[in-house]
Amino acid sequence: MLPDRLEHKSLEHGHGTESPLDRVSPRAKLIVAVLLLVVISVAQPWWLPVMPGVPLSWIHLAAALIALLGVGAAKIPAKHLLVRWAAFAVPLAFVGLSIPLTQGRAGWPIMAGVLVKGWLSFTVILVLLHTTGFDRLLQAMRQCGVPKLLVAILAATYRYMFVLLEELERMRRAQYARTFHCPRRLSPVTIRNGTRLVGMLLVRCSERADRVHAAMLARGFDGEVRVLDELP
């Protein structure tokens with residue numbers, strides 16, 4: 001049986017839906033989001049603590065309130081929000097658990113701070129991407145003085161991430177088409193096939209990157225990402 005088609009869903013799932021934040025300037029949203037991320041990252045849990053012994057400050061509570069108000073103003077569907085939170089919770093939990101495992105009991109308060117900061121930062125970025133198309137966000141970054149090389153890297157990464165996913169999908173379909181029995185459980189056969197698939201994907205990625213770079217140079221690319229619809 002062939003695998004189901006991969007659904008490539010981006011973080012900017014809801015861009016284009018009518019919400020109050022859609023009408024706000026991308027530059028203003030970018031600046032506010034960056035300021036929030038700086039405050040969330042710099043503030044320590046023992047600054048203005050909610051209560052003694054609890055690794056949570058009023059600053060983070062205020063940031064959480066602003067983030068949740070942003071979620072409401074952006075009209076992010078509950079299912080969309082919960083799916084993204086659940087997907088982000090897995091790597092965040094691994095990072096958080098590594099702290100007490102390496103530092104002992106002293107690491108638990110640090111882990112709590114990392115989890116709170118990670119969740120707040122992810123929610124802020126989610127609201128920003130949900131209400132701002134990625135292309136307009138890149139324009140706003142460039143107008144705010146972000147180096148053009150960094151903007152070009154982000155644009156190429158976002159664009160070709162989906163191209164590589166489609167390439168992986170085609171390779172998986174070709175592999176299933178040539179194989180009568182493809183066990184879904186983890187086994188030496190699936191591990192061997194998976195490693196071959198990853199190896200071939202890396203080779204194809206390298207070849208495609210060379211072709212794309214040559215095509216961009218042939219079209220006069222000088223490191224600056226230009227768009228027809230400039231921000232006012």
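Predicted model: local features only at pLDDT ≥ 70, side-chain atom pairs only at ≥ 80, totals over all residues.
Two or more residues of the patch come from each of the elements α1 (26-42) and α2 (58-74), and α1 gives the most, with three residues.

Two packed helices are described by the angle between their axes and the distance between the axes. For α1 and helix α4, which spans residues 107-131, the axes are 10 Å apart and the packing angle is about 175 degrees. Because angles over 145 degrees count as roughly antiparallel, α1 is roughly antiparallel to α4. On the α1 side of this contact stand Lys29, Leu30, Ala33, Leu36, Leu37, Ile40 and Ser41, and they meet Lys117, Leu120, Ser121, Val124, Ile125, Leu128 and Thr131 on the α4 side. Sorted by class, the residues in the contact of α1 with α4 are nine nonpolar, three polar and two charged.

The packing of α1 with helix α5 (residues 134-143) has another geometry, in that the two axes come within 9 Å and cross at roughly 75 degrees. Since an angle of 65 to 115 degrees counts as roughly perpendicular, α1 is roughly perpendicular to α5. Here Pro26, Arg27 and Leu30 are the residues of α1 that meet Arg136, Leu137, Ala140, Met141 and Gln143 of α5. This contact of α1 with α5 is made up, by class, of five nonpolar residues, one polar residue and two charged residues.

One of the pairs is Glu167 with Arg170, whose side chains meet in a salt bridge with an N to O distance of 2.6 Å. Both of these residues belong to helix α6 (residues 148-177), where Glu167 and Arg170 lie three residues apart, about one turn of the helix.

Terms used: Residues numbered from 1 in each chain as written. Heavy atoms only, no water. Helix = DSSP H or I, 4+ residues; strand = E, 2+ residues; numbered from the N terminus. Axes fitted to C-alpha atoms, helices over the stretch in contact; angles between N-to-C directions. Parallel < 35°, antiparallel > 145°, perpendicular 65-115°, else oblique. Contact = heavy atoms within 4.5 Å. Nonpolar A, V, L, I, M, F, W, Y, C, P; charged D, E, K, R; others polar. Salt bridge = Lys/Arg side-chain N within 4 Å of Asp/Glu carboxyl O.
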